[in-house]
Amino acid sequence: MDVDENSDDKRRTFAVNRVNTEEHHADDDVEDERPGSPDERCGTPNQMSPLHSDTPTHPSLSYSTFRSLRQMTREALPRLDHYRNLASIVRSPGNIGQRPTLDDLHQPPLDKDFYDDEDYEQMLVKQRSVHDEPQGLDNKFGWIKGVFVRCLLNIWGVILFLRLSWVTGQAGILQGMAIVTCGNVVTTISALSMSAISTNGQIKGGGTYYMISRSLGPEFGGAIGLIFSLANAIAASMYIVGFCESMNDLLATFDVKIFDGGVNDVRLVGSITLVALTAICIIGMEWEARAQIVLLMVLLVAILDFVIGAFVGPLTDEEIAKGFVGLNGTVLVENLYPDYRKDDVGQDMSFFGVFSVFFPACTGILAGANISGDLKDPSSAIPKGTLLAIFLTYISYLLFVLLCGAVAVRDATGNITHVADWSFANCTGDTVCEYGLQNSSQVMELISIFGPLIYAGCFAATISSALASLVSAPKVFQALCKDKLYPYIEFFGKGYGKNDEPYRGFVLAFFIILIFTLIARLDAIAPIITNFFLAAYALINFSTFHASMQKVPGWRPTFKFYNKWLSLVGGLMCTAIMFLIQWWTALLTVLIIVLLYVIVSYRKPDVNWGSSTQAQTYSLALNSVTALSNVEEHIKTYRPQVLVLTGAPSSRPPLIHFANAITKNMSLLIAGQCLVEQQSKRIRSHLTLDANRWLSSHKIRAFYSLADGPSMELAARTLMANVGLGKLHPNTILMGYKTNWQNCPFDELNSYFKIIHYAFDMHLAVGILRVEGGLDYSTVIETIRQNGEAPDPTPLSATNPGGNDTNPGFQASYHPSSTSLATSYAPDDEPSGGGLGLKLGKKKKEIQYTNPGGEVVAPQIVDAMLRFTRKQPKGNIDVWWLFDDGGLTLLIPYILTTRSNWSQCSLRVFCLANKKDDLASEQLKMAELLCKFRIDFSDVVMIPDVQKKPREESVNEFNTLISKFEVIPEGENEEVERENKEGCITESELVALREKTNRHIRLRELLLQHSKQASLVVMTLPMPVVGTVSAPLYMAWLETLTKDMPPFLLLRGNQSSVLTFYS
């Protein structure tokens, strides 16, 4: 097909070309399948250039053929709806028209056919009904009405009419213009940053809070959202007080007052005004928008009235006596420079003091962004409307400062008799000057050609700004409440009507505004909100800088006129100005933000917004791991990095809790699960999610890794070889003791034995933990009760097949059921916390343990399951450091004693004596070695008679232990017999290893003699020499050492030093 190059329509960037077909119908247009309003699309129909063809349209381009294409393939065509929601990737068979998953394409279900015509038509109707008619679309605003007008009305606010002349009198024309410029530089940079954020994706309701929270994360977003909501509410009170002051001045011209013509009148009129404005907002946003247009017209007429009056000059001597002298070069020169004086409360003014009073005039730039949820296209409207409003108001403010300084004097008596000799400006001695730039807030009314219009303009400016702030505060607060970042505020997140109006938020804002309105002093309110707005601007700028620095592919703002370094400068300027204005209020603002940040950080809300802080975490981790890879290892920096073979972490709590006691806040911990059968991505994802949630809820800082393979030992080997990254890889394997080794199939026993060999082959340390009652609690289910409610039946631990300790750390296969694939937590479940959690709004949770039948588990079982999470009673950790393995057998117990749960336990070290007749010397040498290692110990015991022949009953007990395994007599067919009878112990093996066997039997007698009452026993793990000892005999050794003993850890280092006495 040829493109018609003579078409008058110019294509916009990203415009989508329509295809002309002979069978084209409006309802059947493929483009009409795209949900959303025309403004949401990249190109509207009248902006798209059609494609023409010199040949008849080919039938294959018809709509009906597009429909048949959908029937011919499971693939989905690119659609806007597929990217509208991050969770849109769902299983296609159950969600017609959605993008199919990879499993749907790679392994399509056999019982589901392609969609027929009826299904497809129903899908189209459903999609159009859901997306093509968004709620409240007719009431949403464009960039002029929604952003430009609101920003103008807020920036041309109460400061323009009541305080700009005072700013000129205090700072002079030059510094007055500098103040205006400084404020607008800050707002312009902030607006550029805000434009970048607002064009980096679709903006929803919440305005500034939404942008900061989605950019910097919930911690900063929640803090600034709460402060910004409060700042808007306080700003509304400031505008209302400004309106009341202007009303009092107007009434004073007629000698009318309600009470005292001062503070009490402001309070009464302000309260009535607040009620009226709140009623307008509650009626609806459309009425509020209409009122804004009318107010803008009045405001423009008042500004024009002031400009004309300045050029016309004074019309009466009374105006001259009050300080309005018209355009005058002498007055212009006198007013060029500052004349800082005390304010009404006696505080000395300075450049930044005056700036703090003026700066609220610049805060109106967020008026449009604050109602982002009510804009048709926020990404386009916010940059366009905000920047244009800043430019126009900046020029106007410079002009107003220049005109005020050129036509009015700083002080005037108001006495007409002083006009003739020009002494009305002489305020020395006892002469009191009530007029002039420094003394009167009605200078603009005096300069104007028709004074009442200035009052009307002031009323319009204050009322419009108050309306905008009154609308912004509840909407920002509503968005914050819906995200559930803070406790006890969810009540105010409920919306009403098709536009989701925050009526509850309006009520809350009403009372907050009322409180500050009763202060009734404009100059006291303005500095309060200045710091809050500056903090918001600083974070907006920092958000843009931070997102740009992370170089995340998702950071693709369509607004290109920003610079990350300029945003950083803007953020620093905002922070500096905060402290220059008033250091203690700035410090208070920072402390409030930090406190709110800590609250959100502690609560850990279940949100994932893809913030730049997440990207920074990734970047820092990547850089750190890369840098660590280039650092040569040293004994002094050795840390036990543990791969604990737990299976599903929730199925063996004692094993993972013990491993966590070793690595907590110190080193790497990885929970590994091995599966025999290959699992699908869906099941692997579920297992990973379930494991990570369990680890997080139990406050265990660990990673979870899953491996499947043709056999259990190969899956474990895969974990050992591949888990970790760079230097962050395991150097120690911790596994549970196999209690059923005597009854399990030989293949299962041999797999367990091979895993130990594989670990040593890879030069990894090996630890085997045995506790009374076993480690496997996979049949115990945790349930949660919140605030006395019925238990949540959802299991917190995945149910593993086999409730006994048949194969700790491993699982033959995973067969998901509808129960096991259920999400382990309700959507609003939170990790359990302590007393502080209750104060911060966390629900009190009671954990109950039940079996699959729903019966409550006995307390003794629960106590055994959680044995390593409680405080251990005062006792001993007996370390049987039999052979030098590099010191790991000594280091691990020492690390345990540094933990709070084991702090009351002391180390007793048992070592083998080389000579019986020199025990004292060897004991002294060992104690000296431990002191050099800086290992605290309570006693050193030397064992002199380990080679002593064990008692007959002990030998008989061992023989009974191995009697279940047939001992093959020596003969020519021994190898043949072994192949036929797997899992047997040969007579030659027993003879060759008799001394070792006797030593282990003797060690058991010594263990029973010395360590039966210990809190924990740590002993050097016997080395299984390859090709020498069989799996049954080796397990018999371990059984002999650990049977009927306290918690027992068999540990063997990799023969590399992990201890040193050098500094």
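How many helices and strands are there in the protein? There are 35 helices and 15 strands, where helices (H or I, at least four residues) and strands (E, at least two) are DSSP runs numbered from the N terminus. This is a predicted model, in which local features need pLDDT of at least 70 and side-chain atom pairs count only at pLDDT 80 or more, while totals for chains, interfaces and linings use all residues. Residues are numbered from 1 along each chain as its sequence is written, and side-chain values use heavy atoms, with hydrogens and water left out.

**Confidence**

The predictor's confidence in each residue, pLDDT, runs from 0 to 100. The protein averages a pLDDT of 79, and 80% of the residues score at least 70. Confidence is highest in strand E5 (residues 765-770), at a mean of 96, and lowest in helix H27 (residues 835-839), at a mean of 37. Over residues 812-841 the pLDDT stays under 50, and the model has 61 contacts beyond four places in sequence for them; a contact means heavy atoms within 4.5 Å. Residues 126-137 also stay under 50, with 22 contacts beyond four places in sequence.

**Overall packing**

Of the 1063 residues in the protein, 51% are buried. Buried means under 20% relative accessible area, exposed means over 50%, and partly exposed lies in between (1.4 Å probe, protein chains only). The protein exposes about 48,600 Å², of which carbon and sulfur atoms supply 57%; accessible areas come from the Shrake-Rupley method with a 1.4 Å probe, and for residues only the protein chains shown count as cover. Among contacts with a separation of 6 or more, 80% are between residues 24 or more positions apart.

**A strand pair and a buried helix residue**

Strand E9 (residues 875-880) pairs with strand E10 in the parallel sense over 6 bridges; two strands pair if DSSP finds at least two bridges between them. Ser906 in E10 is the bridge partner of Asn876. Strand E10 (residues 905-912) is mostly covered, with 6 of its 8 residues buried.

Ala659 sits in helix H23 (residues 653-663) and is buried at 0% relative accessibility. Beyond four places in sequence, Ala659 touches Val642, Val644, Leu669 and Leu734. The C-alpha atoms of Ala659 and Val642 are separated by 7.3 Å, with the two residues 17 apart along the chain.

**Nonpolar surface patch**

Phe579, Trp583, Trp584, Leu587, Leu588, Val590, Leu591, Ile592, Val594, Tyr597 and Val598 make a nonpolar surface patch of about 990 Å². Patches are made of residues with over 30% relative accessible area and no salt bridge: like charges are joined within 9 Å, and nonpolar side chains (Val, Leu, Ile, Met, Phe, Trp, Tyr) within 5 Å. Helix H21 (residues 583-603) gives the largest share of the patch, 10 residues.

**Salt bridges**

The structure holds 16 salt bridges, each being a side-chain nitrogen of Lys or Arg within 4 Å of a carboxyl oxygen of Asp or Glu.

| Pair | N to O distance |
|---|---|
| Arg684 and Asp708 | 2.9 Å |
| Asp945 and Arg1002 | 2.8 Å |
| Arg1002 and Glu1005 | 2.9 Å |

Arg684 forms its salt bridge with Asp708. Arg684 lies in helix H24 and Asp708 in strand E3, so the pair ties together parts that are 24 residues apart in sequence. Arg684 is partly exposed at 25% relative accessibility, and Asp708 is partly exposed at 22%.

Asp945 and Arg1002 meet through their side chains. Asp945 lies in the loop between strand E11 (939-943) and helix H31 (952-962) and Arg1002 in helix H34 (residues 994-1010), so this pair ties together parts that are 57 residues apart in sequence. Arg1002 also forms a salt bridge with Glu1005; the two are 3 residues apart in helix H34, which means a separation of about one helical turn. Arg1002 is buried at 7% relative accessibility, and Glu1005 is buried as well. Elsewhere, Asp339, Arg341 and Asp411 are linked in a network of salt bridges.

**Positive phi angles**

Tyr488 is not a glycine, yet it has a positive phi of about 70°. Tyr488 lies in the loop between helix H17 (451-482) and helix H18 (503-517) and is exposed, with a relative accessible area of 63%. Lys699, also not a glycine, has a positive phi of about 55°. Lys699 is found in the loop between helix H24 (681-697) and strand E3 (703-708), and is exposed at 54% relative accessibility.
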